[in-house]
Amino acid sequence: MKEAIPIRPTAQGDVPAILDLLGTVFHEDYREEVRDWEAGVLELDRSLVADDAGQVVGHIDAFTRDLTVPGAVVPAAHVSGVGVVPTHRRRGLLNRMMRRQLTEIADDGREPIAVLWASETSIYPRYGYGPASSRLAFTIMNREVRLTVPPAEPAGRLRMAEPTSLLADLTKVYEQLRPDRPGWSSRDDRWWRYVLTDLEAHREGATKRYAVVHDGPDGPTGYALWRVKNGWDSHGPDCEVQVREVVATDPETYQALWRFLLSIDLCRSVTFRLGAVDEPLRYLVDEPRRLGPAVLDALWVRLVNVPAALAARRYAAPVDVVLEVTDPILERNTGRWRLTGGPDGAVCVPTTDPADVTCSVTDLGAVYLGGTPLSALVASGRVRLLTGNDPTVAFGWHRRPSSTEVF
């Protein structure tokens, strides 16, 4: 019987081969500037490779970052770079790497959850990841929509510059909002460099990236990141504004930033791929259909330590419920757990009491950020309510999760 291909920790010398693998798996041109950019965030001590006689044929890694969840900020393993070269598919490498990584995260004990963006959504539920948030991708006919609210009086000031030159302002606004935005990840200096690095390979014919900051009386209150793709047809200019982020601390700033983005000269469309499901823009324009919203999945969440994860977040209403959970990979999560808590805190402990709810760890991941209603999973039959003790309201949250980046 042929021996299984070893899975081992990554060494420094593996980095070029890992970048070659990622370029192959994701069909991207990993030219030198992209390789340096990706290598700048790679955490070798959290990276695994499949090694076939000295050839890197599989890879998975995780980034050490915090994630905002309902009412709290928790450490979360940000899983990325998952792939196997085409010659080694269907050999169980992905399965072994995913299981080993989850076991190592659980054994380490620092991170109660793991999160990822899924390139193929059929894969990750097998490993306990649930679709925890959705996003709206907008394709806006900007010449056919108008904001229905007048500009604020007095109006704030807009400043436009290279994003890196405005880093202090961007960081201040982002950190002011992050603790209250489920789905947002922490950004240290390394991650701000990653987000703001403007690679030629990523422009696809568009301009460099721009930033605009909105100032109020006491300093910056919001910002937007965008670029423009030039276009011209028989009707004249047909440029496209490609928006990366819109971050605002108050409604007036939000309106001012979108008024600016929707009125850039020579542009006939605006795209924004990371809108929240409850994005306020939908309720500010006179022709919301012209926003062209499309619902897509965003963050997927995996509860690595069920009691610690459930105790870490807050709940929209008082809750006292017994959950019977199944987890075929991390069997320590399988069992009955009594969750008690509310908006101010929570406790989750093992119990032998009869279950009120039966669910899988994948289902718990789906509802964890408050983006997927527990009631929808009950209606689908994935989650079963065994008693009249219904916790569906408690698992919601006053703000739907959103995402500011694809890591």
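Where is the place of Pro154? Pro154 sits in the loop between β7 (134-140) and β8 (157-161), where helices (H or I, at least four residues) and strands (E, at least two) are DSSP runs numbered from the N terminus. The peptide bond that joins Glu153 and Pro154 is cis, with omega at about -5°. The model is a predicted one, so to speak of local features takes pLDDT of at least 70, side-chain atom pairs count only at pLDDT 80 or more, and totals for chains, interfaces and linings use all residues. Residues are numbered from 1 along each chain as its sequence is written, and side-chain values use heavy atoms, with hydrogens and water left out.

A few backbone angles stand out for a look. Ala53 is not a glycine, yet its phi is positive, about 55°. Ala53 is found in the loop between β2 and β3 and counts as exposed at 80% relative accessibility; here buried means under 20% relative accessible area, exposed over 50%, and partly exposed in between (1.4 Å probe, protein chains only). Leu266, also not a glycine, has a positive phi of about 75°. Its loop runs between α6 (251-261) and β14 (267-276), and Leu266 is partly exposed, with a relative accessible area of 47%. His27, which follows α1, has a positive phi near 55°.

Next come the helices α1 and α2. In α1, the buried residues are Val15, Ile18, Leu19, Leu21, Leu22 and Gly23. Their cover includes α2, β2 (48-52), β3 (55-69) and β4. In helix α2 (residues 32-39), it is Val34, Arg35, Trp37 and Glu38 that are buried. These residues lie on the same side of α2 because they cover an arc of only 165° around the axis, the arc being that of the directions from the helix axis to the C-beta atoms. Turned away from that buried side, the other face of α2 carries the exposed residues Glu32 and Asp36. Among the elements that cover the buried residues of α2 are α1 (15-25) and α5 (189-196).

Gly222, in strand β10 (residues 219-229), is buried at 0% relative accessibility. Leaving aside neighbours within four places in sequence, Gly222 is in contact (heavy atoms within 4.5 Å) with residues including Val173, Val212, His214, Val247, Thr253 and Leu257. Between the C-alpha atoms of Gly222 and Tyr30 there are 33 Å, and along the chain 192 residues.

Now for the charges. Side chains of opposite charge can pair when their charged atoms come close. With a salt bridge taken as a side-chain nitrogen of Lys or Arg within 4 Å of a carboxyl oxygen of Asp or Glu, the count comes to 27. In one of these, Arg187 pairs with Glu405, and the closest N and O atoms are 2.9 Å apart. That pair links distant parts of the chain, 218 residues apart: Arg187 is in the loop between α4 (167-177) and α5, and Glu405 in the segment after β21 (384-385). Arg187 is buried at 6% relative accessible area, and Glu405 is buried at 5%. Both belong to a network of salt bridges that links Arg65, Arg187, Glu245 and Glu405.

Asp327 and Arg302 also meet through their side chains, with 2.7 Å from N to O. Asp327 counts as buried at 1% relative accessibility, and Arg302 is buried with a relative accessible area of 1%. In the salt bridge of Glu175 and Arg178, the N to O distance is 3.0 Å. Glu175 is partly exposed, at 31% relative accessible area, whereas Arg178 counts as buried at 12%.

On a 1 Å grid over the protein atoms alone, a pocket is an open set of points where a 1.4 Å probe fits, with protein on both sides within 12 Å along at least five of seven lines, and lining residues have an atom within 4 Å of a point. Of the 23 lining residues, the closest to the centre are Val84, Arg89, Leu94, Glu120 and Ile123. At least two lining residues come from each of α1, β4 (72-84) and α3 (93-108).
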